[in-house]
Amino acid sequence: MPVVKSLDDLKRIREEALQKRQIKTSPGHTQIVVGMGTPGIAAGARETIKAILDYIENNKLENIVVRQTGNIGRDSYEPIVQVIVGDAETVTYGKVTPEAASEIMEKHVKGGSVVRAYIIPA
Amino acid sequence: MNFSRSMVLVSSDPESVRRGADEIYALFEKEIAARDMEGEISISRLTDTGRPDAAPIVVIYPEAVVYGPVNAENVKEIVEEHLYKGRVAEHLLAPTRELSGRIGWLKTRKGTLPAEKRIVLRRAGRIDPENIEEYIAEDGYQALAKALTGMKATEVIDVLKESGLQGRGGAGFPTGLKWSFVAGTQSEKKYVVCNADESEPGTFKDRVILEGDPLAIIEAMTIAGYAVGADEGFVYVRGEYKLAQNRLENAVKQAREYGLLGKNIMDTAFSFDIHIHSGAGAYICGEETALLESIEGKRGEPRSRPPYPTTEGLWGKPTLVNNVETLANVPPILLNGGQWYRQFGTPSSPGTKVYTILGNVNFTGLIEVPMGITLREVVNIYGQGMKDGATFKLAQTGGSSGSVIPASLQDTPMDFESFRKAGVSLGSGALLICDENTCVVDLALVLQKFFKFESCGKCTPCRVGTGRIHEILTGIVEGRGTLKDMENLDYLVDSLTRISNCGLGQTASVPINDVLKYFRPELEAHIKLGVCPCGVCPMSAPVKEPAAVA
């Protein structure tokens with residue numbers, strides 16, 4: 001476990017973390033971020049994340065990182081899922097039911113085309 | 001949220017919709033998409049423009065240009081001239097001589113786009129809250145490192161004073177000043193306490209920070225410990241926030257593993273550790289002295305003040321008590337400097353404020369915007385208008401104990417100073433937006449029921465007063481009200497405010513006071529005419545005594 005003893009230690013950890021992130025956002029990698037704050041979970045984010053994991057397993061997809069995050073503040077649209085394919089811009093989907101999650105996985109993550117119907121209006 | 005270059009607002013009140021506002025909205029989307037400007041320009045709806053003569057209205061920020069009446073043929077021209085070439089299409093402007101006061105607000109914000117500015121929430125909803133590496137990657141612990149390796153404790157406090165940060169729990173006390181009080185008190189042992197007992201109904205800003213970015217609070221408390229000379233900290237988390245507690249505990253554990261909590265942090269003489277303390281669901285424990293009693297293991301009842309916690313707090317030692325949002329502001333201020341923080345918000349209330357929006361609006365959730373935004377902007381831009389095109393009637397700021405703000409005050413900039421002048425309080429940042437179907441007496445009754453239940457019973461004015469107000473209001477909504485009740489309410493409100501022991505009683509009277517001040521006719525209609533104008537109150541419960549008609 002790295003112990004932060006000085007400013008340099010902190011810098012090193014920061015750079016390592018940024019490097020890890022760099023790998024995640026390189027082409028061929030996909031990040032799926034599910035909002036798992038209280039409103040997200042209340043709206044069914046657990047089922048959504050399960051549907052996403054199931055889809056990945058059933059279709060044997062690789063190089064996908066599924067992770068959680070807190071509430072982004074757009075509670076009317078929970079559960080919220082952010083999809084980042086490679087170094088492309090983050091696409092934020094709202095009201096992602098398990099069915100919607102499968103559709104997004106099929107069309108966006110696998111197929112590469114954004115599913116406009118679920119995008120949260122800015 | 002994307003930062004847009006421009007913002008287009010299309011009116012959507014019933015009159016505008018009748019004249020084709022929906023079609024215009026769709027055309028704007030189409031025309032903007034046709035020029036590939038989707039990322040730069042956002043389109044929203046606007047309700048309650050007060051300009052039926054010029055409906056449908058189209059307003060474009062940041063220039064605050066008002067076009068109207070707009071028809072389908074004009075859309076292309078507006079998009080091409082204004083949005084694409086940047087020239088105002090003069091001949092399509094709404095007739096200015098008829099500009100009503102209701103959209104005068106647009107002029108006051110000329111040149112500024114009321115965009116969201118995330119300082120406190122910059123990481124929430126993006127990083128993994130259970131991984132310290134992600135936090136460090138996003139500038140985490142840079143502020144602590146800066147403070148520990150290059151700043152004296154007094155310098156840290158000076159930066160805070162310079163920034164003008166005010167407590168975000170509701171009262172708006174200058175944070176730098178509070179820190180200097182604790183720092184200036186001589187004692188071997190001092191404490192830092194984070195008040196995360198966010199029990200004000202409708203407020204959930206702290207929960208979002210705790211769940212989405214728990215390490216920000218841990219870091220800020222460590223900085224506070226360094227600045228005031230404390231070596232121990234407590235986070236008092238509301239009992240219902242189990243998820244927040246778990247994430248905080250996880251954050252503390254990781255910080256300890258990384259040596260960012262514990263003995264000799266970053267090889268300096270400074271040591272600091274944090275405990276997570278769960279509340280048990282009492283509203284009163286959000287009051288700082290009751291909170292301290294609760295941590296000490298006693299019954300959560302407020303203490304008499306003075307002495308204030310800054311001199312005699314937890315176990316009689318000087319204690320710094322800060323709200324979650326206040327603390328979350330500290331690391332970015334330290335990192336970027338006090339002057340940087342002052343560029344946001346208004347001169348008297350710098351910085352940003354997190355608001356939670358709920359009630360009869362199309363969008364509920366939370367936003368972080370610079371201080372000084374108006375209620376009308378919140379409702380129309382961030383709330384995306386009232387639900388079902390209803391009319392805005394009132395808003396309550398800051399949960400149950402907040403002010404009831406009538407539509408006439410909705411153009412007051414929301415900062416501590418302006419609200420104080422207007423005689424209302426900003427509170428903790430919950431914005432309960434109510435439409436015309438809300439009966440204020442019914443609303444007041446619900447609030448009083450809450451206070452009656454939550455009053456700890458230590459002091460008489462609060463224990464008896466909240467119960468009495470509830471009784472009187474129950475009588476009014478059941479049609480048993482008399483004009484004497486109004487006098488009694490005035491008297492009770494006055495007593496509660498002036499002689500209650502703590503904030504609970506003092507603020508329990510705030511909403512009732514506002515109802516008496518701004519909605520007296522509606523209250524009188526209940527009593528004199530025996531009707532509820534909104535049709536909400538029963539008015540016909542078993543009559544125990546004949547209603548006195550004056």
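Guide: Two residues are in contact if their C-beta atoms, placed from the backbone, lie within 7 Å. By that rule B:Ala407 touches B:Phe392, B:Lys393 and B:Leu394, residues up to four places away in sequence being left out. This is a predicted model, in which local features need pLDDT of at least 70 and side-chain atom pairs count only at pLDDT 80 or more, while totals for chains, interfaces and linings use all residues. Residues are numbered from 1 along each chain as its sequence is written, and chains are lettered from A and ligands numbered from 1 in the order in which they are written.

Visitor: Why is B:Ala407 called partly exposed?

Guide: A residue is buried if 20 or more other C-beta atoms lie within 10 Å of its own, exposed if 12 or fewer, and partly exposed in between, with C-beta atoms placed from the backbone. B:Ala407 has 18 other C-beta atoms within 10 Å, and is therefore partly exposed.

Visitor: Where in chain B is B:Ala407 found?

Guide: B:Ala407 is in the loop between strand S12 (404-406) and helix H16 (416-422). Helices (H or I, at least four residues) and strands (E, at least two) are DSSP runs, numbered from the N terminus.

Visitor: What makes strand S9 of chain B largely enclosed by the rest of the structure?

Guide: Strand S9 (residues 352-359) is largely enclosed because 8 of its 8 residues are buried.

Visitor: How do you know that S9(B) pairs with strand S10 of chain B?

Guide: Two strands pair if DSSP finds at least two bridges between them. S9(B) and S10(B) (residues 365-370) are joined by 6 bridges and run antiparallel; B:Tyr355, for instance, has B:Ile367 as its bridge partner in S10(B). The two strands form a hairpin with 5 residues between them. S9(B) is also joined by 4 bridges to strand S13 (residues 430-435) of chain B, and these two run parallel.

Visitor: Why are helices H10 and H13 of chain B called roughly perpendicular?

Guide: Axes are lines fitted to C-alpha atoms, for helices over the stretch in contact, and angles run from 0 to 180 degrees between N-to-C directions. Angles under 35 degrees count as roughly parallel, over 145 as roughly antiparallel, 65 to 115 as roughly perpendicular and the rest as oblique. H10(B) (residues 214-228) and H13(B) (residues 324-336) pack at an angle of about 75°, with their axes 8 Å apart. The two helices are therefore roughly perpendicular to each other.
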